[in-house]
Amino acid sequence: MTGPLSSTVDVSRTRALLESEPRARLIDVRTPGEFAAAHIPGSYNVPLDLLRERKAELAAKHDDPVVLVCGSGVRAEDASTLLAAAGLGRLTVLAGGINAWDQQGAPVVRGTGKWAMERQVRLVAGSLVLTGVLASVVAPKMKWLAGFIGGGLTFSALSNTCAMARVLSLLPYNRTPAQDAPTLLAALTADDAPAR
């Protein structure tokens with residue numbers, strides 16, 4: 001398969017692409033903790049925050065197809081936009097992300113990583129809402145904390161973005177150590193992808 005790829009592909013088409021194109025690269029843009037918890041065999045972890053920080057270094061030295069993966073497809077879409085602007089071609093996004101991959105019974109490497117970003121967001125948002133509601137018994141103005149979080153979640157759903165996830169991705173356990181950056185980026189940009 002040569003030429004442009006469709007913007008998203010389902011699990012079966014992704015598997016067919018990986019079989020027909022041995023140089024195809026599966027790039028997982030989730031946090032290192034999420035990647036360690038579960039990832040597609042043969043995929044490389046190149047977190048979205050690293051791509052944002054190092055976008056000036058994103059010139060590819062290859063024309064291999066690149067399939068971007070995240071939890072559900074949202075971060076992979078962000079990465080696709082960023083990489084396309086940097087001049088990388090033959091980009092596509094795994095529709096439904098690793099969640100769809102796992103639901104289809106495709107192979108997944110499981111480990112002991114951090115919680116998925118969506119779960120982290122639910123924990124923080126729920127905790128803030130609960131704190132706001134309980135604290136409003138003593139300090140009535142605390143109800144606005146719950147309202148603010150509810151408004152943020154509504155905006156997140158309508159805009160298909162998540163400011164809380166972006167902030168949580170900056171926490172140390174969700175970040176990639178700086179010394180790994182060149183190696184991680186090489187999985188995406190180098191002529192020959194490093195060994196997995």
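Predicted model: local features only at pLDDT ≥ 70, side-chain atom pairs only at ≥ 80, totals over all residues.
Local features need pLDDT of at least 70, side-chain atom pairs count only at pLDDT 80 or more, and totals for chains, interfaces and linings use all residues. Residues are numbered from 1 along each chain as its sequence is written, and side-chain values use heavy atoms, without hydrogens and water.

Start with the pockets. On a 1 Å grid over the protein atoms alone, a pocket is an open set of points, where a 1.4 Å probe fits, with protein on both sides within 12 Å along at least five of seven lines; lining residues have an atom within 4 Å of a point. Volume is the space filled by probe spheres set on the points, which are joined across faces, edges and corners.

The largest pocket has a volume of about 920 Å³. Its lining holds 38 residues, and Ser72, Arg75, Met117, Glu118 and Ala165 are the closest to its centre. Helix H6 (117-135) contributes the most, with six residues. Helices are DSSP runs of H or I with at least four residues, strands are runs of E with at least two, and both are numbered from the N terminus. The lining divides into 17 nonpolar, eight polar and 13 charged residues. Here Ala, Val, Leu, Ile, Met, Phe, Trp, Tyr, Cys and Pro count as nonpolar, Asp, Glu, Lys and Arg as charged, and the others, Gly among them, as polar.

The second largest pocket holds about 200 Å³ of space. H7 and H8 are the elements that give two or more residues to its lining. H7 gives the most, with six. This lining has seven nonpolar residues, three polar and no charged.

Now look at arginine 90, in the loop between H4 and strand S6 (91-94). Its phi is near 55°, a positive value in a residue other than glycine. Arginine 90 is buried (under 20% relative accessible area; exposed is over 50%, partly exposed in between, with a 1.4 Å probe and protein chains only), at 12%.

The model has nine salt bridges, each a side-chain nitrogen of Lys or Arg within 4 Å of a carboxyl oxygen of Asp or Glu. One joins aspartate 64 to arginine 25, at 2.9 Å from N to O. Aspartate 64 sits in the loop between H3 and strand S5 and arginine 25 in strand S2, so the pair ties together parts 39 residues apart in sequence. Aspartate 64 is buried at 8%, and arginine 25 is buried at 1%.
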